Amino acid sequence: MVAQEFTVDLDKPLVFQVGHLGDTYQEWVHQPIPTRESPRFFESDFWEFLTKTVWWVIPLIWLPVVCWFISMSVQMGHTFPEIVLMVGLGIFIWTLIEYTLHRFLFHIKTKSYWGNTAHYLLHGCHHKHPMDGLRLVFPPTATAILLVPFWNVVKLFATPSTTPALVGGGLLGYVMYDVTHYYLHHGQPSKDTIRHLKKYHLNHHFRIQNKGFGITSSMWDRIFGTLPQTKAAEKSR
C-alpha cells in the first residue's frame, strides 16, 4: 500500500499503524483529537500498561530521591545558602533541557516507518491526544534510565560534593515540569500567571505547534526567538 493512501484505524492499537503514514505522518499527528479518552496503543496488555502513568506517581517517586541527593551534599559539608544556590542552578539547567528536548527531539521531523513509530511513542501521541491524562507525564522507568547519563554529565563540570545537589535540583525541576504540564492540560487555574501559562501551552497544541516550546516558562522561547505571535499580531501582517 502506498504510504499516502494509508488510513489509521482509531479503533485498533495505534503504535504499529502510524509508521505506515510515511510523509503524511507529521500532518496527521498535528491534527489533535481533544478528548479525554486513552486510545489503545498495543495489543499486549503488558505493553499497554507500561505506556500509562498517573500524574501523582511522579512526585511520589522522585521527591524522596531529590531529598536524598540534596542530603548527600549537606552531609559533605555544604551550607544552607550553598545548597539553595546549587539546587536553584539545577532547576535553571533543567529549564534549558526542557526547552531543548521539546524543540529539537520531541518535534523532530520523521517520515520512515520506525521514525514515525518512535516519534509517536515519544511525543506524537501527546499532540494527537493532548487530553490523554494517562500518557502526559514521563514513565518513571524511563526517567530512571536517563538519570544515569545526566548524573555523569554533571560530574564533568561539578565536584563530588556539589554533583548530588545539582542533580537533585535538576530532578526537582523535572518534577515541577511534569506536574505543571499535567495541570496546564487538566487544571482550572484561578491565578493570572498560571492561566496565561495554560493559554500559552494550549496555543502550542492547537494553533502554532512549531513555536512555544517552553512548558514551565516562556523564557527560552523569548531568548531563542520561538515565541509565537499573538492573534492580533498575525492579523495585522
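**Before the views: a few terms.** A residue is called buried when its relative accessible area is under 20%, exposed when it is over 50%, and partly exposed in between, using a 1.4 Å probe and the protein chains only. This is a predicted model, in which local features need pLDDT of at least 70 and side-chain atom pairs count only at pLDDT 80 or more, while totals for chains, interfaces and linings use all residues. Residues are numbered from 1 along each chain as its sequence is written, and side-chain values use heavy atoms, with hydrogens and water left out.

View 1. Helices (H or I, at least four residues) and strands (E, at least two) are DSSP runs, numbered from the N terminus. Along its principal axes, the C-alpha trace spans about 65 × 50 × 35 Å. Of the 237 residues, 45% count as buried.

**View 2. The surface and the charges come next.** The accessible surface comes to about 13200 Å², and 67% of it belongs to carbon and sulfur atoms. These areas come from the Shrake-Rupley method with a 1.4 Å probe; for residues, only the protein chains shown count as cover. Look also for the 20 positive and 16 negative side chains, two sets whose centres lie 9 Å apart. Lys and Arg count as positive and Asp and Glu as negative, leaving out His and the chain ends. Each charge is placed at NZ of Lys, CZ of Arg, CG of Asp or CD of Glu.

**View 3. Helix 8 covers residues 163-186.** With 24 residues at 1.5 Å a residue, helix 8 should span 34 Å, and its end C-alpha atoms are 35 Å apart, which agrees. The expected span of a helix is 1.5 Å times one less than its number of residues. Of those 24 residues, 19 are buried, so helix 8 is largely enclosed by the rest of the structure.

**View 4. Helix 9 runs over residues 192-206.** Its 15 residues reach 21 Å from the first C-alpha to the last, close to the 21 Å expected at 1.5 Å a residue. The buried residues of helix 9 are Leu197, Lys198, Tyr200, His201, Asn203, His204 and His205. What covers them includes helix 5, helix 6 (113-128), helix 8 and helix 10 (219-224).

**View 5. Zoom in on His201, a residue of helix 9.** At 1% relative accessibility, His201 counts as buried. Leaving aside neighbours within four places in sequence, His201 is in contact with His126, His181, Leu184, His185 and Ile215. Contact means heavy atoms within 4.5 Å. Across the protein, among contacts between residues at least 6 apart in sequence, 68% join residues at least 24 apart.

**View 6. Phe206 is also found in helix 9.** Phe206 is partly exposed, with a relative accessible area of 41%. Phe206 touches Pro32, Pro34 and Pro130, not counting residues up to four places away in sequence. His30 is 176 residues from Phe206 in sequence, and the two are 8.5 Å apart in space, C-alpha to C-alpha.

**View 7. Gln26 lies in helix 2 (residues 25-29).** With a relative accessible area of 13%, Gln26 is buried. Its contacts, not counting residues up to four places away in sequence, are Ile108, Lys109 and Thr110.

View 8. Glu82 is partly exposed, at a relative accessible area of 36%. From Glu82 to Tyr174 the separation is 92 residues in sequence and 21 Å in space, C-alpha to C-alpha. Val153 counts as partly exposed at 47% relative accessibility. Val153 and Val167 are 14 residues apart in sequence, and C-alpha to C-alpha they are 9.8 Å apart in space.
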